[in-house]
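I opened this entry to record what I looked up in the structure. The notes follow the order in which I went through them.

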Amino acid sequence: MTLHLRTLGQTHLSDEQGVELRSLLTQPKRLALLVYLASAYADGRMCRRDSLLAMFWPESDDERARGSLRQAIHFIKQVAGSEVVVTRGADEVGLAANAVQLDAARLDELAASGRHAEAVELFQGDFLDGFFLRGTPTFERWVDGERLRLRRRAADSAWLATEQLLSTGDAAGARKMAERALALSSDNETAVRRFITLLSESGDRAAALAVYQSFASQMAEEYGVAPSPETRALIDALESARPFAGAEPVTVAAPPSTSAHAPQVHSVAARPNRRWRLQLAAAALVVLLGAGFLAKRLSTGPAAVSDPNRLVVLPFVVRGAENLRYLADGLPMLLSTRLDGAGPLRTVDARALLVYLASNAKREPLDPERANAVAERFGAQLYVLGNIVGTGDQLQFSASLFDRAHGNNPVAHTEATGREVDLMNLVDKLASELLAARYREVGGAFAETAARTTTSLPALKAWLAGEAELTRGRYGPSMAALRDAIAADSNFAMAHFQLAVAADWAGVTALVNPETERAVKLSEHLSPSSRLVLQAFSDGRRGNYAAAAKTLRGVLVEQPSASEAWYSLGEVLFHGNPPQGRPLDVARDAFEQTLRLDPHNFPAAVHLARIAATRGDKAAVDRLSAEALANDPDGIHRGEVLLLRALVLRDAQARRQFLASPMDLGLLDALWRATEYSGSLALASDIADTLVHKAPVGELRGSLYMFLAHAAMGRERFDVANRYIDSMAVYAPQSAAATRLVAAMHPALAASARPALLVRAIKGVSPLPAASASHRMYAGFSRPDTIYSPLEYDIALARLATGDSSRAKRLVATTTAERTARIEAVRVMSVLATDAGTRKTVLAEVAQLDSIVGASYVSQNVYAPRALYHLAIARVLEAEGRFADAEARLHAVPEDFGFNLAFLGEVQRRRAALLERMGRPKDAVAARQAAAEILR
């Protein structure tokens with residue numbers, strides 16, 4: 001059976017007889033699954049189940065999500081036919097070849113084959129217009145990306161169809177099609193200029209001016225900016241021009257100059273690749289007709305302000321066959337279109353450029369000095385000059401990239417050779433090579449590798465867009481663009497790698513490991529240094545911090561300006577040092593080096609802001625957070641930056657912005673992190689209390705009560721903590737009982753209150769829940785009542801506090817070799833270590849565990865805060881007289897994100913006592929002040 005799926009405009013699904021499949025249309029999530037597989041995994045490609053689970057069931061645990069996916073597949077098979085959905089092993093799902101005819105895919109096919117008018121006719125509305133699937137942020141971001149991509153595709157086809165109609169002399173049809181193009185790209189200034197030019201050439205100057213006024217009003221209202229100097233120059237020239245004679249056809253004779261650069265319109269009836277020649281000839285005709293409008297303005301007006309990412313592609317010099325003269329201006333127009341939007345690069349409008357050059361009567365080939373002046377006129381710091389040599393049907397292109405900051409010597413050069421019928425592929429190759437050269441010149445090793453390792457220019461441009469969004473902290477758009485890159489080139493290793501990084505920061509954990517594995521499998525295509533950075537990322541994901549750090553330091557010896565390697569090293573040190581009782585400050589230099597090389601790197605700024613918050617450096621928090629927010633980031637880390645400002649700087653506006661953020665479990669991640677790094681428990685509690693009253697009934701409210709309970713324990717207000725735990729128990733009774741165990745173990749709890757609290761806690765967690773890998777409920781990766789903790793150790797420690805050591809001794813004697821059990825056993829052993837021999841045994845075990853922690857990931861656990869482990873070790877070190885080592889261990893606690901809020905005050909008090917014994921009274925006073933701030 002072949003299904004017919006319409007997604008452009010009103011969504012519709014029917015079988016091959018045209019019968020509507022209403023039962024599937026009324027199941028939004030199952031329909032969305034079918035649409036996603038048909039769109040993103042066409043032509044028999046397979047999708048991993050983990051990716052589908054993360055996209056459609058992000059808040060369900062693994063077992064429930066897999067069950068939901070099985071049910072969805074079964075339902076689709078029942079309704080649409082058992083042969084429609086296919087599987088490969090237990091991990092991959094896809095659609096049978098030709099099982100679904102998708103209108104969006106058909107639009108892409110029509111556009112790619114040059115049937116642009118048909119593509120425009122097929123576009124009846126935005127992709128999945130009005131369709132919304134609650135609780136699936138990744139799917140919604142993908143839909144948003146597809147909507148934007150397909151609308152742009154339709155708009156591009158509309159403009160190309162306009163040029164096709166112009167080339168056949170159908171001015172009325174061209175105008176109608178241009179109106180459609182403008183409707184699809186009304187906020188695209190280049191599109192507006194195209195339409196204004198078309199209207200003015202047809203004699204309707206009033207309509208052209210009206211289009212400009214409408215566009216200028218829209219820009220002012222929606223964005224608060226004015227149209228660009230190029231658009232304004234077009235209108236100024238139009239307003240000062242003579243009245244048009246009308247819309248009669250105009251014959252344009254070739255100019256008398258024989259220069260290789262002179263734009264000429266030739267008869268093209270007998271030439272190969274006629275379609276492209278017609279389009280380029282039509283474009284040249286538009287330029288000549290519009291020359292009178294812009295010439296005076298651009299030749300006498302002031303130069304635009306230079307932009308380091310603005311590039312102008314100047315006319316190429318053509319040598320050889322006379323019939324290739326159309327490429328002198330035509331190739332730069334095509335190349336300019338291909339380069340525009342590649343990362344931060346923006347190209348000067350080719351028509352405006354050629355109009356300006358047409359005002360020069362001598363149209364001689366441009367040398368670098370004159371080209372520099374033209375680039376300056378358009379505010380471009382970068383420009384391209386090139387040559388075309390043609391013999392028979394063979395073309396040889398050579399292009400040089402110049403940066404005005406480096407004088408008249410090219411910073412890069414590239415060449416491409418092929419047949420004229422392969423013109424578009426040659427242009428794409430030339431564009432990719434120029435991009436690779438550009439990013440090599442500015443030290444963008446990842447971008448250069450990306451440009452070298454994909455043969456698809458659309459994939460490269462999508463990757464550059466995704467990379468730019470990623471470094472600015474906009475993870476939703478970044479993931480959408482990187483998925484586009486993978487859709488264009490499934491073997492694009494750099495796209496898989498950066499999608500894993502973006503998913504990691506966006507909290508879409510189910511994507512991280514699969515995409516990392518795919519990148520590693522494809523890593524033979526990467527440069528040696530990029531392959532090593534990828535390997536380090538993979539090692540870091542597994543917690544093998546020592547190996548990752550060693551790899552990255554090796555890369556930086558060879559390439560000290562590799563910003564990606566500096567950032568990765570900072571990540572490794574930031575996350576790998578504190579669990580071993582080592583300070584965060586060693587990571588600061590790596591992140592600062594990253595920002596020196598990449599000033600807009602949002603993740604590096606966030607890490608530095610965290611480090612500054614732990615040091616109480618308000619000035620640094622202010623500067624770094626302001627720089628980070630200037631990127632307009634999205635996701636949980638935007639919330640964290642806002643909270644750091646609210647908690648460290650008492651920034652009321654940042655607080656309001658945070659509270660206005662969408663209510664989801666990602667807020668909890670931001671709340672835990674910012675509070676732990678800043679130590680501002682009172683302010684954070686006030687913010688969380690406000691959120692509780694806004695939160696919907698369910699896991700978000702339960703999670704907020706858990707946070708409030710830990711913050712109250714940190715302020716040693718145990719009666720308040722118990723009230724919050726009671727409220728939490730309504731939503732998550734086992735989690736509430738485990739939280740009572742945390743309170744029962746707290747050193748500051750009154751001895752008289754401990755026994756009753758312990759009894760209640762043990763009763764609540766009995767029988768003990770099975771351990772679960774889905775434990776980070778605060779960020780929405782599992783439900784609040786999922787417990788991951790060897791609670792028997794917590795119970796034993798709580799009993800130890802009441803004088804009952806029998807259970808603790810029995811546990812120590814039977815501890816397994818599993819890492820988590822060994823870590824918990826150290827906590828028990830440190831209390832039982834009353835003699836020097838036992839203490840040495842404990843410290844030997846700690847040394848081994850530190851080496852394991854440096855080579856394996858240590859999970860955060862809300863039911864067994866890592867502060868308890870560090871406090872236990874510090875107690876033994878202090879008993880051994882190793883005060884400096886004990887203080888260093890405690891110093892790392894606020895920097896070791898591990899749900900430590902309940903014990904931050906105790907840590908600072910212990911630090912103060914140690915610093916006094918070490919003869920550091922000023923530091924002791926600072927530690928006591930930190931404790932007072934936490935407890936207030």
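**Arginine 839**

I began with arginine 839, which touches Ala833, Thr834, Val876, Ala879 and Glu880, leaving aside residues up to four places away in sequence. The model is predicted. I placed arginine 839 in helix H39, residues 836-853. Is arginine 839 buried or exposed? Its relative accessible area is 14%, and because the cut-off for buried is under 20%, I noted arginine 839 as buried.

**Cores**

I then looked up the nonpolar cores. The largest one has 199 residues. Leu423, Trp463 and Phe707 have the most contacts inside it. Apart from that core I found another, of 52 residues, with Leu3, Leu24, Leu102 and Val143 among them.

**Helix H25**

Which residues of H25 are buried? In this helix, residues 585-597, I listed Ala587, Ala590, Phe591, Thr594 and Leu595. They cover an arc of only 140° around the axis, so they lie on the same side of H25.

**The three-stranded sheet**

Next I took an open sheet of three strands, in the order S3-S5-S4 and with antiparallel pairing. Strand S3 (46-48) and strand S4 (85-88) are at the edges. Each has a single partner strand, so one side of each has no neighbour in the sheet. From one strand to the next, the twist averages 30°. I counted four bridges between S4 and strand S5 (residues 92-95), which pair in the antiparallel sense. For arginine 88, the bridge partner in S5 is glutamate 92. Helix H2, residues 28-40, packs on the sheet and touches S3 and S5. The direction of H2 makes about 80° with that of S5.

**H33 and H34**

Last, I checked helix H33 (residues 718-729) against helix H34 (residues 733-744). Their axes come within 7 Å and cross at roughly 160°. Angles over 145 degrees count as roughly antiparallel, so I recorded H33 as roughly antiparallel to H34. Which residues meet between the two helices? On the H33 side I have Asn722, Ile725, Asp726, Met728 and Ala729. They meet Pro733, Ser735, Ala736, Thr739 and Arg740 in H34.

Notes:
Residues are numbered from 1 along each chain as its sequence is written. This is a predicted model: local features need pLDDT of at least 70, side-chain atom pairs count only at pLDDT 80 or more; totals for chains, interfaces and linings use all residues. Side-chain values use heavy atoms; hydrogens and water are left out. A nonpolar core is a set of buried Ala, Val, Leu, Ile, Met, Phe, Trp, Tyr and Cys residues joined through side-chain atoms within 4.5 Å. Buried means under 20% relative accessible area, exposed over 50%, partly exposed in between (1.4 Å probe, protein chains only). The arc is that of the directions from the helix axis to the C-beta atoms. Two strands pair if DSSP finds at least two bridges between them. Axes are lines fitted to C-alpha atoms, for helices over the stretch in contact, and angles run from 0 to 180 degrees between N-to-C directions. Contact means heavy atoms within 4.5 Å. Angles under 35 degrees count as roughly parallel, over 145 as roughly antiparallel, 65 to 115 as roughly perpendicular and the rest as oblique.
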